[in-house]
Amino acid sequence: MNKKKNLTFRQWMGQEHVAGVVFCMPFIIGFLLFMIVPMGISLYYSFCDYNILTPAVFTGAANYIKMFTDDEVFWQTIGVTFYFALVSVPLRLIFALLVAMLLLKTTKATGFYRAAYYLPSIIGGSVAVAVLWRRMWATDGVINTLLGSIGIKTSFAWLGNTKTAIWMLIILAVWQFGSSMLIFLSSLKQIPSSLYEASTVDGANKWSQFWKITLPLLTPTIFFNLVMQMINGFLAFTQCFIITKGKPLNSTLFYTVYMYQQSFEFYNTGYGAALAWVMLLIISLITLVLFATKKLWVYEGGL
């Protein structure tokens, strides 16, 4: 032990920590090069008049002042994004929990059903699915054709109406509940069956067991899914960009798509960087609020 204390720092590192440092270096280098450095550059550009083609000109807080005082589309995208996230995320979690409870009982076909319900989460964010979804809800698409086959002849433009277009994107988001479902399913299996047996002896029915046993013990999992899905909801991009491009009348214009348009279509890259930092602030505040209210409804007493 005394010999070890007398080693120089370089010798100590070489003997015991060189392997850890070597294995950590790829992550550290990648994190610095592809996360920290780009974020720093983006923060600087958010205070500049920059269009990619010409050198950046520092303008102070001009981008942020313009955003909050002279950009009606910015506020409209905030409203659309909040509406999409606050509606789609709870619906997705409700469907995920219902399906997880249905698949809790193991049968010969359980594995197939779990894979089938999880599949939309894998392919749901792809461009191909977005294109297919757009064709399904077109005036001559599958949905109107099916309605016509049951006697409801219509050529309604689901994606062209300001009241229904956003709901087509919400339905697509809710359809991708597979990842949350698997997490719920795993948590449901961790609840001891003895709790249900004891409650049955006391005369509790299935409904009472759900509200008094299942739901309280699932609140940590619900909280985790809520935080993760809420972040994903605010960062949704493909659905809007491929299916509607924010139309009609910006009623489906997500914040991320507007940020992309400003940065790469209108060449207001500095303004787009400012939009990105405001979105980071919004997501951070929402996450802080969720964690602040956690103690009010999340059961952490253990099983």
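Buried means under 20% relative accessible area, exposed means over 50%, and partly exposed covers what falls in between. With that in hand, here are the close-ups, all taken from a predicted model.

**View 1. Confidence along the predicted chain.** The pLDDT averages 88 over the chain, and 93% of the residues score at least 70. Where pLDDT is low, the predicted coordinates should not be read in detail.

**View 2. Y267, in the loop between α13 and α14.** Zoom in on the loop that joins α13 to α14 and you'll find Y267. Its relative accessibility is 43%, which lies between the 20% and 50% cut-offs, so Y267 counts as partly exposed. The backbone is worth a look too: Y267 is not a glycine, yet its phi is positive, at about 60°. Most residues other than glycine have a negative phi.

**View 3. T269 in helix α14.** T269 belongs to helix α14. Setting aside residues up to four places away in sequence, T269 touches Y50, N51 and I52, along with Q262 and S263.

View 4. K247 and P248 are joined by a cis peptide bond, with omega at about -5°. Most peptide bonds are trans. L249 is in the loop between α12 and α13 as well, and its phi is near 55°, a positive value in a residue other than glycine. L249 counts as exposed, since its relative accessibility is 72%.

**View 5. Helices α10 and α11 side by side.** The axes of helix α10 (residues 193–201) and α11 come within 11 Å and cross at roughly 160°. That angle makes α10 roughly antiparallel to α11, and the crossing is right-handed. On the α10 side, the contact involves L195, Y196, S199 and T200; on the α11 side, Q209, I213, T214 and L217.

**View 6. T214, a buried residue of α11.** T214 lies in helix α11 (residues 206–234). Its relative accessibility is 4%, so T214 counts as buried. Leaving out neighbours within four places in sequence, T214 is in contact with L188, I191, Y196 and Q209.

**View 7. Helix α4 packing on α9.** Helix α4 (residues 72–102) and α9 pack with their axes 8 Å apart, at an angle of about 50°. That makes α4 oblique to α9, and the crossing is right-handed. From α4, the contact takes in L93, A96, L97, V99, A100 and M101; from α9, S180, M181, F184, L185 and L188.

**View 8. L182 in helix α9.** L182 is found in helix α9 (residues 178–189). At 32% relative accessibility, L182 counts as partly exposed. L182 and K108 are 74 residues apart in sequence, and their C-alpha atoms are 18 Å apart in space.

**View 9. Two buried cysteines, C48 and C240.** C48 is buried, with a relative accessible area of 1%, and C240 counts as buried at 0%. How many disulfides turn up? With sulfur pairs required to lie within 2.5 Å, the count is 0 disulfides.

Definitions and conventions:
Residues are numbered from 1 along each chain as its sequence is written. This is a predicted model: local features need pLDDT of at least 70, side-chain atom pairs count only at pLDDT 80 or more; totals for chains, interfaces and linings use all residues. Side-chain values use heavy atoms; hydrogens and water are left out. pLDDT is the predictor's confidence in each residue, from 0 to 100. Helices (H or I, at least four residues) and strands (E, at least two) are DSSP runs, numbered from the N terminus. Buried means under 20% relative accessible area, exposed over 50%, partly exposed in between (1.4 Å probe, protein chains only). Contact means heavy atoms within 4.5 Å. Axes are lines fitted to C-alpha atoms, for helices over the stretch in contact, and angles run from 0 to 180 degrees between N-to-C directions. Angles under 35 degrees count as roughly parallel, over 145 as roughly antiparallel, 65 to 115 as roughly perpendicular and the rest as oblique. A crossing is left-handed if the near helix is turned anticlockwise from the far one by less than a right angle, and right-handed if clockwise.
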